[in-house]
Structure formats: structure tokens, C-alpha cells
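Work through the exercises below with the sequence and the model open. Each task is followed by a solution in steps.

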Amino acid sequence: MSTKDVPASRSARPPGAESGAGTTRAPKAAYISWVALALMTTSSVASLRPSPTMAVYGLAAVFLYLIPALVFLLPTSLVSAELASGWSGGVYRWVSEGISKPMGFLAVWCQFAMTVFYYPSLLGFVAATLAYVINPDLASSGVWTAIVIVVCYWTGVWVSSRGTKGVAGLASSGLIIGTLVPGVLLVTLGLVFLGQGNESAAPMTADHLLPAWAGLASLVLIVNNFLSYSGMEMNAVHVGSLRDPAKQFPRSMFLAMGLVLLIFIPPALAISWIVPAEELSLTAGIMQAFDAVLAEFGIQWLTPILGIMLVTASLAGMLTWLAGPSRGLLLISRQEGYLPPFLQKLNKHGVQQNILVTQGIITTVIALGYALIPDVSSAYWIFSVITTQVYLIMYLLMFIAAVRLRRQQPDHPRGYRAPMLTGLCGVGFAASLAALLIGFVPPSQFGSGNIWVYLLIVGGGALGLGLLVPYLFYRLRKPSWKTTTDEEVATA
């Protein structure tokens, strides 16, 4: 479902991939413009990956993108900006001071734990895209998807564990290579496709602006958009780099929101013009659309080239942020003793290899889900929902902490004060909670599968990994698990 240290090295991070290091207000020479911050935000949030998911809704995708932008993206951006401008150290510090240290650990754990299911869903997209380079029939093969996930993840672990630093620069071009160029091409060809008199696969009339209501399940896919917009709390650390945060940060976020919507909505609509919803794969939808429209213009030979562009950008991004979320968890655990010493050990390159390997074992088991679940799209959706739900737990804690800090420490210095903070937190909390609960409802697009199996997988994954596991770590912790000296804490 991350990402914002610097634009060159963190543009492709998944939401929540923070290092855990504190932030300070930039010196005057380091001021950035609000436009630059908007572009940084756009590059770190926007992606073509969720486009097939929302293309299922056709014109209603516009509505389904706008709603979470208003009730989730905007509150998250403004609230986290206040927190970042007043308290360094990221979400752990915010929640620890606003609520308690155990809840701070839960928040930072959820930032890390969401990646356990994020990697399989991301690499599931990579597998489906890569299939169009080799053999399009492989896109629906669960075994192929599982193999790609396992091979790509463990290769990434091997590279990351060696402390390779040069790979980070690869992500700086990810926005252009894997998003802007393919996105602009897709929309342009889609418009030409319609301009030639071809009929849109999805109705584009005013009465289709809202999604058809067929019960709660008909709106479940909107949950995926919360993951698409998440991670804004990471961009908030740059609020201190603006000359006039009170005026410029909201302006920057509104511009970023507009740019992000431009990257999200037109490609989703273009896909809906070309590929009928009933034929759309949630993992391979982009390549389906490219394949169909390029065949229409007699340039189908471009399909594998575009597939390689998308795959290259995704893999470069994965290598950049693979060790990021676990690094923040490691630093806090060494200071507070939240994880056993085995998971705190570093290899000779200073990388938390044991955490990455343990995570890799879990990722491998999850990858088998693609081989065991008949419908690859169903597996992709299930893992995306679990990713979103685990991460939403962190946002619920962040909104509560923000309100408590404003009330308990009203005079604490803040570089930026969010307007109507309590109202923003109320809207953001309600939207996050609603999205979390809706995620337990099987989407109508998946037919009449066994609802109890769905609930077992989603509930077990989200609640087990997001709540039970950190609870057990906290309850079983020992004083000897604190392995960081005071000097290391000061320099971490």
C-alpha cells in the first residue's frame, strides 16, 4: 500500500518507510520552495500500480479517488506537519508523548509490519507486468507470481545486506521511467483510441459518476486508495524547510494533491476505456490496456519495452527502501528493548540482516498464497487490504496523539499549527476506521467466494500481525534486550 527522506533516494519508497532518525529545522540556506515540496510529495505518492483496481469502476473512479483525498490525504498531511514541526523522531515520538510508549511501539511496528504484505502485493504487480514481456498467459499463473516474488525479494535482501549504497540513486528516475512516461503514453493513446470512433469499454455518461450501489461490498475497493495516499506523515518532516510553513505547507499539499490526482485518475480512466471491467486483472490491468491499445495502432512491439520500464522502476524502488522501515524499528528496539537480541544484530555492513531474513521467510510463505489461491487478482487484493489495515492502525494512533498533544502541550514550540486540528483529526480518524472496517467485507467483484475464508485470511493477517505480534513482543520483553548504549542513542 511507501518514502520521503530526499527526493532522489526515497521517491519510490512505500508509505511508512522512515529511518527513525530525528529531524531539525533547516538552516536558512537549506530553505526549499513550496512548489519543490509539492513535487517531492507527488513523486513519493503517485504510482500507476493502483490504476487497474480503480479502472473497474470506470468514470466513478474520479469520485472514489476524490473522497479519500479529502477525508484522508488532507487531514494526514496537515496533522503530521504540525507533529513533525514540533517533535523530532517520527511517529514513535509523536505517539509516545501523546499517548504512551507502548502505543508508540505499536505505531512504529505497524509502519514496519505493513511491508510484510506490501512486498508480495508490489512484487505481484511486477510478476504480472513481467509476464507480458515473456508470455502474457503467465500473468494469471499463481505459481509464476509466487516464483517472481520469492526470487525478487531474496535478491533484494542479498543486495541490501551488503550495504550497497549506489542502488539508492536508481529510484530518482522512478517517477519518470515507471510512472510519467507510461502514464502519459497510456492516456494519449486512449484519447486517440476514442477519437477514432471506438466505443469506451466503460460508460462515460453523467449517470455513471457515482459507483453503483449493491450493498457495502460494492464500495470495498475504495479501501485500496487509502494505501495509495498513505505515507504523507513522512513528507511532513520537510515542513521546517519552508520559509513560511503556516501559509506555504497547505499550499504545497493542495498542489501535490492536484498533481497526484492527475497521475491517478486519467490512467485509470484510460484503462477503463480500453479493457472491459469483467476482463480486467488487478495486477496486469496496465499491461492489458497497453497491449490492447498498442495492437490497435499496430505498435504492439512496444508492450514488452513498457513492461520492462515498469518492472525496472519497481525493482529499483524496492532495493532503495527494502531496509528502511526495519531500520526505524531496529533503532527504537535497541533503545527500548522491544525486540529480542537476535533480531537486533547487525552484519559487518551495519545492516539489520536478521530482521530482513525473518521478514523474507514470512514473505516466502505469503507468496505461496498466490500459488494456492486460484485467482491471482483475489490474492493481490487480499494482500493489499491487509497492508492497508495494518497501516491504518498507525494512523488511528497518530490522530489521537495529535489531539492529546495539542491539549496537553499547547505551548510546545511548533513551526506549523494545523487549522481546526481537532476537526481534521476527527475526520481522518473516522475515515481511517471506516476504511479499516470495510476492508473485512469481501468486494462484490470477487463473486460468491467463501466469506469465512476471506475473513480468516484478512482478519488473521491484519489483527494478528498488526496487534497480536507486537503485544507478544512487548509482554515478553526483558531488560537484557536493551542493547544500545547511551552514546549510541545520542548518535543514532
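**Exercise 1.** Decide whether serine 77 is buried or exposed, and list its contacts.

Solution. Serine 77 has a relative accessible area of 2%. Buried means under 20% relative accessible area, exposed over 50%, and partly exposed in between (1.4 Å probe, protein chains only). Serine 77 is therefore buried. The residue sits in helix 4, residues 61-86; helices are DSSP runs (H or I, at least four residues), numbered from the N terminus. With neighbours within four places in sequence left aside, serine 77 is in contact (heavy atoms within 4.5 Å) with Met232, Phe249 and Met253.

The model is predicted, so local features need pLDDT of at least 70 and side-chain atom pairs count only at pLDDT 80 or more, while totals for chains, interfaces and linings use all residues. Residues are numbered from 1 along each chain as its sequence is written, and side-chain values use heavy atoms, with hydrogens and water left out.

**Exercise 2.** Describe how helix 6 packs on helix 19.

Solution. Two packed helices are described by the angle between their axes and the distance between the axes. Axes are lines fitted to C-alpha atoms over the stretch in contact, and angles run from 0 to 180 degrees between N-to-C directions. For helix 6 (residues 101-134) and helix 19 (residues 451-476), the angle is about 135 degrees and the axes are 9 Å apart. Helix 6 is therefore oblique to helix 19; angles under 35 degrees count as roughly parallel, over 145 as roughly antiparallel, 65 to 115 as roughly perpendicular and the rest as oblique. Residues of helix 6 that meet helix 19 include Trp109 and Phe117, and those on the helix 19 side include Gly461 and Phe473. By class, this contact has 14 nonpolar, two polar and no charged residues. Ala, Val, Leu, Ile, Met, Phe, Trp, Tyr, Cys and Pro count as nonpolar, Asp, Glu, Lys and Arg as charged, and the others, Gly among them, as polar.

**Exercise 3.** Where is the kink in helix 19 centred?

Solution. The kink is centred on glycine 464 and is about 45 degrees. The bend at a residue is the angle between axes fitted to the seven residues ending there and the seven starting there. Gly464 is among the buried residues of helix 19, as are Gly461 and Phe473.

**Exercise 4.** What is the phi of methionine 420, and where does this residue lie?

Solution. Methionine 420 has a positive phi of about 50 degrees, although it is not a glycine. Methionine 420 lies in the loop between helix 17 (376-408) and helix 18 (421-438). With a relative accessible area of 70%, methionine 420 is exposed.

Methods: Helix = DSSP H or I, 4+ residues; strand = E, 2+ residues; numbered from the N terminus.
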